[in-house]
Every structure is written in structure tokens, then in C-alpha cells.
Amino acid sequence: MMHRFTAVCLAGAFCFCLSGIRAEASNLLPAAEEGIASVMTEAYQADPAADEKVLEEMTPSEYDGICIAQVNDYVNVRSEPNEESEILGKLYDESAGTIEEEADGWYKITSGSVTGYVKAEYVVTGDEAEALAAEVGERVATVTTQTLRVRTDASTEASVLGLIGEGEELTVTSEQDGWVQVSIEEGDGWVSTDYVDLRTDFVQAESKEEEEARLAAEEAAKEEGKRKAAQVEAKTESSSQTIGSGSGSSSGNAVVSFASQFVGNPYVYGGTSLTNGADCSGFVMSVYANFGVSLPHSSSAMRSVGYEVSLSEAQPGDIICYSGHVAIYCGNNTIVHASTAATGIKYTSPANYRSIICVRRIF
């Protein structure tokens, strides 16, 4: 940090000297002015690499001051730099924070809504943290136009790969001037940065209050799921017609059984009709509407419904969310979903044929 500050001071002094020369030169003869200008130009061109290095050092990194937890589960964030002080929250493995100061083997950090101290031995910093940030951070593009065309190449002349609705959040896989490559059901395609907002997401610390609220919300979602499941089970006599393993709740299997009736029907962007055509979120929304459950018509918004489970815990009826896509888990590592305009509503296996963002359970 001291090295960077020194570079700024030197650059400032250099600019001050040049401004002084220009002020004095304004009173000289034209020939003298040209001579000084020539000397200044030669001096600047003498070592442009050094000037570029100074500018590079003056420009802060996107991840400047970041620290990233490297632990088995989490490290406590405390109110003071000692192990006897109050625990304010938890910094989970590979979650990130910004270093405020260092104190006797502890870092004072800010992560999310939590500001406190973590032991230095449980986080990585500096160049190591900046390198790791590119791996653990998720680059996200949020669609800001009503309907976004995802193209096969970074050009408005390229063919359209697929369409994505406003508000959807897409995983960015690559970037170049004015364009980002994003992951959608049809494959990886390109969108103009004029029509998306870009950000980098990191897992952040969770305060004690946030943890308590999250656990309470999950428990409430589970109770609501049980209530809805009881209603579904009261309406169905058997789940013997389900596709997949048949494990899990009878209500979840009933969802899969109902959804399976529409395999082979068309995919229609923006559609919600199970017979005449639906898009991925319209399909999931309409299937669950049959069981009295209201879901949003957005694959990104469905990442927050119900409560989260791991893929290894997935049961029939669970919702699996991908970048720009969503599906219903059938069991036996299989999903049913409104895939693309070319393929319509179909089964796909394995369920992790694409990178999974989360699995949500309704029942």
C-alpha cells in the first residue's frame, strides 16, 4: 500500500513540474516554446513503459483489499481482536470481505452487513486473495430490457441463439469489449453490455440476526410445504404413475406425475400454457399452480421460493435452477422441463447436465 501511495505522489509531482514549465513557457518566443515542447515530448517518449507502469500501479484492482476465508466451514467474526469477545457473525468458507485494518494477527473486515475481526490465519489476502477471487466470485449479468436477444457471436449481425426476459440473472462465462458471453439453455451465447447490468457476487458474512432470520424463514417454508403437501395428498389417491425413483413425498411425486403429461408439447417464449406452449419458468409455474402453489414467472425469482436443499438431497418435485433456466426434478437424476423452441417440453438426464445454481423444495 505504501508503494502505491508513493507512486501517486511521484506522479503528482511530475504533473506539477510540467504545469510550471508550461506557465513559464507561455512568455517565451515561439521558437523557444517549440524547443521546450520538443524536449518535453522526447522526455515523455524516452520510457513510455515506465509511465505505463506508474499508471497501472495507480489504478486499484477490482479486488483491492479483499480477503477470502479458507476454512472447513466458517470462521467467527468477533467484536474485538480476541477470542473472548462477542461473536457478531460467521464468515463462511470462500466467502469474501474487505480488510479495514490489521491488529495483532487479526483483520478487521467488512462483509455484507457485518463489520468485525477475524483471525488472520483463517483468511487469505493480497495477490493470493485476488487470484482466488476470480475463481470463487460469480460474474452475473442482469437483463435490463424487456426481451434480450442472446446471439451466437459478439455481433448484432450474428444469429439469435435464444431470448431472455427482463430481470433474469445470467452467469457470465467470458467478457470482451462491449459484450459478455452468458450461459442459457440453448448454450453459451453473447449479449451486448448495453442491455445488462454486470456485477461480481461473493458469498458474504452472515450476522447472528441474519442467520436466525434465515433459519426461521426456512422453518416456516418447511411448515408451509407440509401444509400444501397435505392438501395435495388429500386430492390424490396414489403416486404410482410418477417418472423417476418414486422416493420422497407423495405430493412431490404427484407434481412430477402431472408435469409428465405434457412432455412433447411446445416451448413458447413467454408462454404459460401446458398444452399450447410454455417457457421454462412458465411451465414450472403452471404445473405448481395446479396444486394451489403460486410461483413467479421468472427462473431467477424461483431461486428464492421454498427452501434450499443440495442436489444429493433432491427429491421428485424439487425445482432445479440454472443460469437462465429452471426445471422440475423427477428422481433418478432426471428433470422434466420446457427446454428450447427446438425440443419443447422433455426429460433430460443427468440433472447436472449444466451447472446448477440451486435446488429449491416446495413440499
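Reply: Start with strand β19, which pairs with strand β23 (residues 356–361) in the antiparallel sense, over four bridges. Two strands count as paired if DSSP finds at least two bridges between them. The model is predicted, so local features need pLDDT of at least 70 and side-chain atom pairs pLDDT 80 or more, while totals for chains, interfaces and linings use all residues. Residues are numbered from 1 along each chain as its sequence is written, and side-chain values use heavy atoms, without hydrogens or water. Strands (E, at least two residues) and helices (H or I, at least four) are DSSP runs, numbered from the N terminus.

What do the side chains of β19 do? The strand spans residues 319–322; Ile319 and Cys321 point one way, whereas Ile320 and Tyr322 point the other way. The four residues are all buried (under 20% relative accessible area with a 1.4 Å probe and protein chains only; over 50% is exposed, and in between is partly exposed).

Strand β20 (residues 325–331) is also an antiparallel partner of β19, again with four bridges. β19 and β20 make a hairpin, and two residues lie between them. Glycine 324, in the turn, has a positive phi of about 70 degrees. Tyrosine 322 has histidine 325 as its bridge partner in β20, and in β23 tyrosine 322 stands opposite isoleucine 356.

These strands belong to an open sheet of six, with antiparallel pairing and the order β18-β23-β19-β20-β21-β22. At the edges are β18 (307–309) and β22 (344–348), each of which pairs on one side only. Neighbouring strands of the sheet are turned by 35 degrees against each other on average, direction ignored.

Helix α7 (residues 280–289) lies across β19, β20, β21 and β22, at about 50 degrees to β20. Helix α6 (residues 250–260) lies across β20, β21 (334–340) and β22, and runs at about 115 degrees to β20. Such angles, from 0 to 180 degrees, are taken between N-to-C directions of lines fitted to C-alpha atoms, for helices over the stretch in contact (heavy atoms within 4.5 Å). In helix α7, tyrosine 288 is buried, at 0% relative accessibility.

Now return to the cysteine of β19. How many disulfides does the whole structure have? The search finds zero, a disulfide being two cysteine sulfur atoms within 2.5 Å. Cysteine 280 has its closest cysteine sulfur in cysteine 321, but the distance is 9.4 Å, so the two are too far apart for a bond. Cysteine 358 is in no disulfide either, and its nearest cysteine sulfur, also that of cysteine 321, is 4.0 Å away. Cysteine 280 counts as buried because its relative accessible area is 8%. Cysteine 358 is buried as well, with a relative accessible area of 8%.
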